[in-house]
Amino acid sequence: MADENLVIWFSDCGLDDVGLVGGKNASLGEMVSAFGAKKIRVPNGFATTSRGYHLYLSENELQPLIADALAEFANGMASLPETGARIRKAILHGRWPAGLSGSISSAYKRLSEQLGRTNADVAVRSSATAEDLPDASFAGQQESFLNIRGEEALLAACKHCFASLFTDRAISYRVGKGFDHMKVALSIGVQTMVRSDKGASGVIFTIDTETGFDKVNVINAAWGLGESVVQGTVDPDEFITYKPFLGKPGLKPIIEKRLGHKKRKMVYGSGETSTEYLPTSRAERTSFALSDTEILTLSRWACAIEEHYGCPMDIEWAKDGVSGEIFVVQARPETVQSRQDTSIMKTYEIASKGRRLVMGLSIGNSVVAGRVCLLESPKDIAEFVDGSILVASNTDPDWVPVMKRAAGIITDHGGRTSHAAIVSRELGLPAVVGTGDATHQLHSGQEVTISCAEGVEGFVYEGSADFNSKTVIPRDVPETETDVMLNLANPAAAFRWWQIPTDGVGLARMEFVIGNNIKVHPMALVRYENLADEVAKKEIAGLTAGYDDKTDFFVEKLALGLSRIAATYHPKPVIVRMSDFKTNEYANLIGGGEFEPAEQNPMIGFRGASRYYSEQYREGFALECRAIRMLRNELGFSNVVVMIPFCRSPQEADKVLKVMSDNGLERGKDNLEVYVMCEIPSNVILAEDFAKRFDGFSIGSNDLTQLTLGIDRDSEMLSDLFDEQSKAVKWMIKRVIGDAQKYGAKVGLCGQAPSDHPEFAGFLVDCGINSISVTPDSFVDVKNHIAKAEAKRCT
């Protein structure tokens, strides 16, 4: 016998029904109803109502037993494990009210018929009526069961869902939140399984999980069922897409693709187990779990879901390996970054540190030092020392009580959307996840420092590092006529500075991406087959696995690396300096020794512009140009400006511009601007000729000072004589600003002097400079110096 008040189909409920079916099921109902017309696939299903839960308790007279057990726990007469076990046992031994079991069985039979199957496989999920409320952000307190088949198995799973309302972690959670246990009910969601055990699954956040940058989607993906990603037992792929460009035809705004190890996957189980883990194949480990088309489809769906809900979202998805179709299986509001106060930034800087022990993904952006406490299992919680740094293989909700007592967290496995990452953010703790071997490299009692302040990657250093923090209010800065821009090298750290009201990026160093992300000399990729160094050849083969053309590896890695910087500040200009390694630095890249001469003085040797048209590097420069084309034309970042370093003469400028044009980068076409570094006296003396060839100048004060005064800037013996504020250097700066601007060229300066010396900032303002570019942590100080100088100039 069925009772229509005890079961409701997803299509008949929505966000107004949280009290009836809980947050999780209400959201599923909302999506089934709202997104069908938008072609966003959501698996169908039904939910038991809170009435069904209360009926089950009443039928078995469980309310008094539960109340007594909780009262004994509150009064210290029973332990948490004893209390939880007593209540769960009573629930599991209860009898099904005929109306409730009949309603569940009837709905399950109807769902199976809709799918054209007998005993359809379903996911059975718990949805507590308080679980996903705005002030209750710790989702996952109750149980879910996958690949459930048949009425008997379904009813057994439903009992376990009811019982999971009283797991130790759920009881502890409600006590901490101040919720009345007896006023919280549980709804059970029964949803068609997506055969992601034969495909892939993962999570999407419509906001950067570490910085709150809201113009990107962050996607994690792995083979098999999605529980492995959520639980953090696998190291997933990661993709980042730029939301403003997703609706523009012809663009592919995927700005990051990071391959995860994905060493195992969760699949349907055999025998009595509904799921099990299997090792992934080598092909699965070395390939992405999603194609570019699928990444973009998911990203567009995520944006539609975010728009509908009106807030950043945390979305779970699954790809059916049989049909090839992708589904959204859950969605809920993101509850950490979307609530942060974006008017205040706290930055950390490490002055000195010990040996790096392990590294992984950084969660949060802070630094903490402490003693390691390594635990094998949440059963070992009694051994944890409050304020220690928790080290574990991975975490699940059973770990939350000990995580709350930790100063920081380190795990072997997991990505940005794993349980350890999510809880660490909610607790405001720095964490390094997915290290691979922290439980083998670290030991209890060891003093270490966790650093999550250096970009996407998090590091664990030996000992207590010397670090300091600084609180910045980025919006509390004056307006200035002079543009103040940023110098950025590490793309992984770009999102951390999105709140700064900068006028753009005055210097983005291409060589950082080449040295850290690519690591290979471009000519070693162009002439890979002819490399004599077999060791380098083997290393390059490993790095470029999956690329049919090894030069594509260089182009894609460079374009994607720079795209993080371009995306952070779009549509403001981002000036990208083409590679400016010295020959000894190029030689240190993998395979580089075969392509670089040994020079006595690389600082003024074969560097910058002279390389770009030389037969020794021309093909390498062509790869740099291809990357810029991809960045501007395929990814859509037309705000990127190209800058040529160390250009010694107008004739050399003509050669470089010709090579760029031959490689599809023609000055003026598609609004491409090309700047030149002003770092050689000839750039000043012949400013008129350079201004006819370039749209702007960027004064590199270090090199200009070095070559004006004849001082090696790296010489300790001459360091007292190296002075960017010398009369000779100031004459050069004033001269080039005046001459270049006569011919319509903009002039900026990138360097530390305006931050260290307020009077130097005043000098630049008096000269009429267009922009000054500084490091992010100097931005506010320089902005204030410039505002004062401009005010003084007007009086």
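Reader: What ground rules apply to the predicted model?

Author: In this predicted model, local features need pLDDT of at least 70, side-chain atom pairs count only at pLDDT 80 or more, and totals for chains, interfaces and linings use all residues. Residues are numbered from 1 along each chain as its sequence is written, and side-chain values use heavy atoms, with hydrogens and water left out.

Reader: How many helices and strands are there, and what makes a run count as one?

Author: The protein has 28 helices and 30 strands. Both are DSSP runs, numbered from the N terminus: a helix is H or I with at least four residues, a strand is E with at least two.

Reader: How do you know whether the radius of gyration agrees with a compact globule?

Author: The radius is taken over C-alpha atoms, and the globule rule is 2.2 Å times the number of residues to the power 0.38. For 795 residues the rule gives a value near 28 Å; the protein has 30 Å, so the two agree. The C-alpha trace spans about 95 × 55 × 50 Å along the principal axes.

Reader: What share of the residues is called buried, and by what cut-off?

Author: Buried means under 20% relative accessible area, exposed means over 50%, and partly exposed is in between (1.4 Å probe, protein chains only). Of the 795 residues, 58% count as buried.

Reader: How far apart are the mean positions of the positive and negative charges?

Author: They are 2 Å apart, for 85 positive and 105 negative charges. Lys and Arg count as positive, Asp and Glu as negative; His and the chain ends are not counted. Each charge is placed at NZ of Lys, CZ of Arg, CG of Asp or CD of Glu.

Reader: Why is Asn 220 called buried?

Author: Asn 220 has a relative accessible area of 1%, under the cut-off, so Asn 220 is buried. This residue lies in strand S7 (residues 216-223).

Reader: Which residues does Asn 220 contact?

Author: Contact means heavy atoms within 4.5 Å. Leaving aside neighbours within four places in sequence, the partners of Asn 220 include Ser 201, Trp 317, Glu 238 and Arg 416.

Reader: What makes the pairing of Asn 220 and Glu 238 a polar contact?

Author: A polar contact is a pair of N or O atoms within 3.5 Å; within protein, one must be able to donate a hydrogen and the other to accept it, and residues adjacent in sequence count only if both atoms are side-chain atoms. The side chains of Asn 220 and Glu 238 are joined by such a contact of 3.4 Å. The side chain of Asn 220 also has a polar atom 3.3 Å from the backbone nitrogen of Arg 416.

Reader: Is His 181 buried or exposed, and what does its side chain pair with?

Author: His 181 has a relative accessible area of 13%, so His 181 is buried. Its side chain makes a polar contact of 3.0 Å with that of Arg 174. His 181 sits in the loop between helix H7 (168-177) and strand S5 (186-192). Beyond four places in sequence, His 181 touches Leu 70, Ile 171, Arg 174 and Val 175.

Reader: Why is Glu 30 called buried?

Author: The value for Glu 30 is 17%, under the cut-off, so the label is buried. Glu 30 lies in helix H1 (residues 18-35).

Reader: What is the relative accessible area of Phe 554?

Author: It is 0%, so Phe 554 is buried. Phe 554 belongs to helix H17. Outside four places in sequence, Phe 554 contacts Ile 514, Leu 525 and Leu 623, among others.

Reader: Why are Asn 119 and Lys 519 called partly exposed?

Author: Asn 119 stands at 38% relative accessibility, so Asn 119 counts as partly exposed. Lys 519 has 40%, so the label is again partly exposed.

Reader: Where is the cis peptide bond?

Author: The bond joins His 570 and Pro 571, with omega about 10°. Pro 571 lies in the loop between helix H17 (550-569) and strand S25 (574-577).
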